[in-house]
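I opened this model to look up its pockets, its metal site and its salt bridges. My notes are kept in that order.

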Amino acid sequence: MPDYAKLMEVGREAVCAAAIVTNQVQNALDEVRSLTKDDKSPVTIADYAAQAVVGRILRERLGDVILVGEEDSAFLRDEDNAVFLNATLAAVREVWPEATADSLLEAVDVGSGDTHHRHFWTLDPIDGTKGFLRDQQYAIALGYIEGDTPTVGVMGCPNLPVDMSEPLDVPHEHGCMYAAIKGVGVYEAPCDDPTGELIRITRLDHVEGEPISVCASVEKAHSNVSDTDRVLEHIAKTHGIEVGEPVRLDSQAKYAVVARGQADAYLRLPTRRGYVERIWDHAAGCCIACEAGAFVTDIFGRNLDFSHGRGLEKNKGVICAPPRVHGRIIEAIEALGIQPAG
Ligand code: AMP
Ligand code: MG
C-alpha cells in the first residue's frame, strides 16, 4: 500500500512551490505581456513553470512517478518560442535557482506520463486560466489516481481567502490549500507556507428548510446556465426553500468551497455536444469534496470514473453537494429530463 501521508506531504510541498511561482507571474502579468506581446503568453509561462516545479519535486522526492500533466514541452522546445522559454525559466528560478533550460524542459516532461498504469498522478498546473488572467480564482490541482478513483488530492488556491466572510472575487494575499487522503480526511492549510499547520475540516449535511447556496463556473461555455437555473427553480418550488443565485468562481476551487461548507452545491451541467471532462480538472477537487462529506457524481448520479484515460469518458457533467442537496439536484435533473447535448 502506498504511504499516503507521504504522498500528501510531497504533493503539498510541490503545489506550494508552484503557487509561489504562479503568484509571481500573476503579479507581473503586464510586464510579461509586454515582454512577449501576446495575450496568451502569461498563461503559457505560468502553466509550464508550475508543471515543471511540480514534476521536479515529485520526481526528486518520490522517484520514478507517473505524472499525467495537462502540458508538454513541445511549444517551449520550438526555437521560435525562445522568449517564452526564457520567461518560464526566469519564473521557476524563484523556487529553483539552479534551473537551466534543459532541466526545466525535462521537468515539464515528467508530466508526459500516460494513464495506462494502475496508479498515477494527474496535474492541472493552472486550472481556471481565465480566472488567473482576470486576477481572480485559479487552482493548482494535483491528484493521485488508483484504479477509478482519486485517493489523494492536493489543491492550492493562491487567491482564495481562508476566511469565508471575505469576498471570493478579490484575490487574497496568502490563499489557501486543501489536501485530502481517501478514507482519512481533508485538511486546510495556508497556500504559501508548506510548513503551516494542517487543520482538519469537514462539512455538515444541509439542514432541512434552510436556504441552499450554490456555485458554478464564471465561464458560461463551461456549464449550462439555463439548465442550472431550471434545476434551482425546480428545487425551490418543489421543496419550498430559498435557493440563491449561483456564486460564480473559476477553477476547482468550487469543490473546496463546497468542502468547507461555504456553498451547498457545485453544479457543472453539460453544455456543448460531446465535451468530455478532463481528469485533471476534477481529480483533486473530487477527493477533497468527498472527504469533507460531499457526494461527487455526474448528472445521472454515477460516480466519476477516472479509469478511462485522460477524459471522464463515462460521465456527463458534475454534481458536487452534501447528501441531501445532492439527492434533490439529481431528482430535479431527472424530473426536468435534462440530458447532455448530442
Ligand atoms: P471552470 O473554471 O470551472 O470554468 O473550468 C475550467 C476548465 O473548464 C478548464 O480547465 C477546461 O479544461 C474546462 N472546459 C473547457 N471547455 C469546456 C466545456 N465546454 N465544458 C466544460 N468544461 C470545459
Ligand atoms: Mg483546467
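The entries below record what I looked up.

**Conventions.** I work with a predicted model, where local features need pLDDT of at least 70 and side-chain atom pairs count only at pLDDT 80 or more, while totals for chains, interfaces and linings use all residues. Residues are numbered from 1 along each chain as its sequence is written, chains are lettered from A and ligands numbered from 1 in the order in which they are written, and side-chain values use heavy atoms, with hydrogens and water left out.

**Entry 1, largest pocket.** I looked up the volume and found about 660 Å³ of space in the largest pocket. A pocket here is an open set of points on a 1 Å grid over the protein atoms alone, where a 1.4 Å probe fits, with protein on both sides within 12 Å along at least five of seven lines; lining residues have an atom within 4 Å of a point. The volume is the space filled by probe spheres set on the points, which are joined across faces, edges and corners. I count 33 lining residues, and Glu70, Ile126, Gly128, Thr129 and Lys130 lie nearest the centre. Two or more lining residues come from each of helix H3 (41-62), strand S2 (119-127), helix H7 (129-133) and strand S10 (265-268). Helices (H or I, at least four residues) and strands (E, at least two) are DSSP runs, numbered from the N terminus. H3 gives the most, with five residues. By class, I note 14 charged, ten nonpolar and nine polar residues in this lining. Asp, Glu, Lys and Arg count as charged; Ala, Val, Leu, Ile, Met, Phe, Trp, Tyr, Cys and Pro as nonpolar; the others, Gly among them, as polar.

I find 16 residues lining it, with Pro270, Thr271, Arg272, Tyr275 and Glu277 closest to its centre. Its lining divides into six nonpolar, five polar and five charged residues.

Which residues coordinate the magnesium ion (ligand 2)? I find Asp124 (OD), Asp127 (OD) and Asp281 (OD), at 2.0 to 2.3 Å. The donors follow the spacing D-x2-D-x153-D along the chain. Asp127 lies in strand S2 and Asp281 in the loop between S10 and helix H10 (283-291), so this pair ties together parts that are 154 residues apart in sequence. Donors are N, O and S atoms within 2.8 Å of the metal (3.2 Å for Na, K and Ca); water is not among the atoms, so sites may look incomplete. Asp127 and Asp281 are both buried. Buried means under 20% relative accessible area, exposed over 50%, and partly exposed in between (1.4 Å probe, protein chains only).

I list 16 salt bridges in the structure, each a side-chain nitrogen of Lys or Arg within 4 Å of a carboxyl oxygen of Asp or Glu.

- Glu60 pairs with Arg56, with the closest N and O atoms 3.3 Å apart. Both lie in helix H3, four residues apart, about one turn of the helix. Glu60 counts as exposed because its relative accessibility is 55%.
- Arg203 pairs with Asp264, with the closest N and O atoms 3.1 Å apart. Arg203 sits in the loop between strand S7 (199-201) and strand S8 (214-216), and Asp264 in the loop between helix H9 (253-259) and S10, 61 residues apart. Arg203 is buried at 11% relative accessibility, and Asp264 is buried at 10%.
- Lys130, Arg134, Glu219 and Asp250 are linked in a network of salt bridges.
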